[in-house]
Amino acid sequence: MATNKEFELGGINHLALVSSDMQRTIDFYSGVLGMPLIKTLDLPAGMGQHFFFDCGGGDCVAFFWFPDAPDGVPGISAPKTRPEQGELLSAVGSMNHVAFHVPVEKFEEYRTRLQEKGVEVSPILNHDDSEWGVAREFNEEVFVRSFYFQDPDGILLEFACWTRAFDESDVSHTPKTAADRTATKEKSNAASA
């Protein structure tokens with residue numbers, strides 16, 4: 001496992017998302033996913049609320065509720081659907097999805113348990129380094145297994161489990177830059193027309 005030589009980080013303290021209905025968020029994250037609600041705040045001057053759920057390992061998923069928050073725009077503020085339905089795109093600066101680590105030995109059981117609770121889940125994806133990034137069946141090239149589902153506000157969630165250790169060969173791609181973005185090119189072409 002790689003080590004951070006600059007800062008001693010212990011994981012994610014919390015990831016803050018925005019809810020349209022805090023009670024519905026509690027019902028889903030505590031009621032369906034079993035995450036304990038560990039801290040609640042009313043923000044000053046009627047600005048809203050901020051609630052924290054323990055998602056394990058000392059990490060939290062938190063939600064703001066703002067009375068004047070605009071509705072999300074699928075395909076911009078979050079993906080329109082789940083990845084297996086052909087949609088993964090969201091805007092620069094958006095939060096695409098939250099992946100929760102689950103034990104590899106309980107992975108399939110947890111998928112079944114969510115289905116029994118009425119949650120629509122994706123098929124299991126065996127992520128590998130092939131052209132399409134997914135193997136038909138689990139094999140030694142698969143580095144993570146996962147499935148996706150959405151919360152009541154359409155936030156894309158994932159249960160994932162690592163299946164092998166990483167080595168130097170796992171970091172081998174040249175990073176893309178802003179110059180590679182088609183959205184940037186289309187915007188500049190429209191401005192010059």
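A residue is called buried here if its relative accessible area is under 20%, exposed if over 50%, and partly exposed in between, with a 1.4 Å probe and protein chains only. By that definition, 31% of the 193 residues of the protein count as buried. The structure is a predicted model, in which local features need pLDDT of at least 70 and side-chain atom pairs count only at pLDDT 80 or more, while totals for chains, interfaces and linings use all residues. Residues are numbered from 1 along each chain as its sequence is written, and side-chain values use heavy atoms, with hydrogens and water left out.

The protein has three helices and nine strands, which are DSSP runs numbered from the N terminus (H or I, at least four residues, for helices; E, at least two, for strands). Along the sequence these elements follow the pattern β-α-β-β-β-β-α-β-β-β-β-α.

An open sheet of five strands, with mixed pairing, has the order β5-β9-β8-β6-β7, and its edge strands, β5 and β7, each pair on one side only. Two strands pair if DSSP finds at least two bridges between them; β8 and β9 pair in the antiparallel sense over seven bridges, and V144 stands opposite W162 in β9.

| β5 | 98–101 |
| β7 | 134–135 |

Among contacts (heavy atoms within 4.5 Å) between residues at least 6 apart in sequence, 48% join residues at least 24 apart. The C-alpha trace spans about 55 × 50 × 40 Å along its principal axes.
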